[in-house]
Every structure is written in structure tokens, then in C-alpha cells.
Amino acid sequence: MDLSNENIIHVKRENVEYLQFKKLLDYGILNAYTIDKNLGFKANDAKGNIIKEKEEQVINDYKKVCNALGEDYKKIVKPIQKHTNNIEIVENKINVDIPDINCKEYDNIDGLITDKKDIILATTSADCITLLFFDPVKRVIANVHSGWKGTLQRISVKAVEKMVEKYNSKYEDIICCICPSIRRCHFEVKKDVEKLFKEEFKDLNLEEIIDEKENESWYIDTVLINKIILEKKGLKQENIIDSNICTVCNKDLMHSYRAEKELYNVNTALIEIKE
């Protein structure tokens, strides 16, 4: 199956499959979102705890995808994600000969920002939203993991605020690319989570983002929420580019926590300034 559409291309190279956003490629920004069930990048468990015995396998998987991209896997900087709204500025690599994975400097971090070349920002997900940001004027990139908890904490907005604060970006210049994630069709929640969303986003049109179903369950559109709050912050609608792909609907091609349950693995998203 080819998942290419007006916003993304589906690449199969050297036994590795990934998606790339056309808009970022047009600006010379390397980017990739893996959709290969043979790869798994789970260096941490669901709570962010380090899985030491998985580290070698994870590094080998990064080697595979970076080789397919023609990149050096040692450039990777990957935070220890814990569903926070914490974002870190990356000024340089910590390790010289290995990727920056499971580094204490990036513990409890769910978003990375840099204006440096030859640093590959990485995050992982298995249904959570990954947002790749790029300011073509100031040449700044960000890679942000926004699960439902991160969305409740508005981490996407915090990321663009930090780009403006640190690098003098303008909201209207920033491009946001939304990677595959669980969509409204499958993000079913119970009353406890629905209540949190209704309270946090009471300033939005709740009927637009939440569908009530039978048996005390609701379907929430977390992708649409991020689009709306980013637009309200100042991003242009045409600069918010969606892959329009649901990880659960495509569970045979990519990792999905809802589909794989306790056996889940994760996809990785990469972004780098090349020139």
C-alpha cells in the first residue's frame, strides 16, 4: 500500500519504509516518520523508564533508517518522553560516537528545538501525535510529542512560544507538520478523560472536537484540537499540514498502542536542518 497523498510521500528504500512531508523537503529540511513494523525504537516503557536491554536494538534501528536517508545515526538526539509539556533547546550533541539516547539531560522532555545544522531531532510515538515544526525565516526546527496528556497541557503551543521567545520567530512564519497518529475515529475515552478535555478546552467549540457515543464513551479529535489552538496562537491555516493518516486504521503498517496493547512498539519521527 502506498500512503502518499498531497502532503506526504511514501518512501521504500533499503528495506525501510517511511513518510516525508513534501513542504519540508521543499525547504531542504530532512524529515521522516517510520511506518515499518520491522523497526521499533522503544528505548523506554510507557512511563518513560529506561529499558537498558533494548538500547542496542534501538541504536541498530536508528542506523537502518539513517542509512536509508543517507545520514549519520550518531547525529540523533532523542529525549526520554514522559507525556509532559517540557521542551528543551538543543545547542550541541552530548555524545560524540553514539546517539544521544537515554541521556539524563533530556529526561522528562517531550519536545526538542534547535537552529543547529547536523543535529537530528527524534521523538517516538505509537498513536500519540508528533508535530514537526519549521521556521523557514529563522531556520529553526522542533520535534514535539503530544499524546492526549501533552495535548491537554498544550505542548504544541508551548513549542511555538519557545521558538518565538528564543529565536525571534514569528507565528505566521512557522510551519507545523502533523505526523500519523490516532484519530477521532479510534480515540475513544471514558468520562474521566472526556471531563478533562471539556474543562481545558471550554474556550473551543466542544461539539466540533468531541462526539458522544453510547455506553458512556466519547470520541475526541486531538488532532483538530492542536490545529485550532495553533491557529489561535497565530499560525496560518495553510502552514498547518496534516498527514491525514490514522495509526490505528493502518495498524498493519505501523505501530499502534491501541492495536498492539502491551506488545506495542513505537514509530520514530526525525527532522534535521541540512543547509
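These legends describe close-up views of a predicted model. Local features need pLDDT of at least 70 and side-chain atom pairs count only at pLDDT 80 or more, whereas totals for chains, interfaces and linings use all residues. Residues are numbered from 1 along each chain as its sequence is written, and side-chain values use heavy atoms, with hydrogens and water left out.

**View 1. The largest pocket holds about 770 Å³ of space.** A pocket is an open set of points on a 1 Å grid over the protein atoms alone, where a 1.4 Å probe fits, with protein on both sides within 12 Å along at least five of seven lines. Points are joined across faces, edges and corners, and the volume is the space filled by probe spheres set on them.

**View 2. The lining of the largest pocket has 34 residues.** Lining residues have an atom within 4 Å of a point. Ala46, His83, Cys128, His145 and Tyr257 lie nearest the pocket centre. Elements giving two or more residues include α2 (55-69), β8 (120-125) and β10 (140-146); α3 gives the most, with three. Helices (H or I, at least four residues) and strands (E, at least two) are DSSP runs, numbered from the N terminus.

**View 3. Six strands form an open sheet of mixed pairing.** The order is β5-β7-β10-β9-β11-β15, where two strands pair if DSSP finds at least two bridges between them. The edge strands β5 (87-89) and β15 (240-242) each pair on one side only.

**View 4. Strand β7 (residues 111-114) runs antiparallel to β10.** Four bridges join the two strands. Gly111 has Val144 of β10 as its bridge partner.
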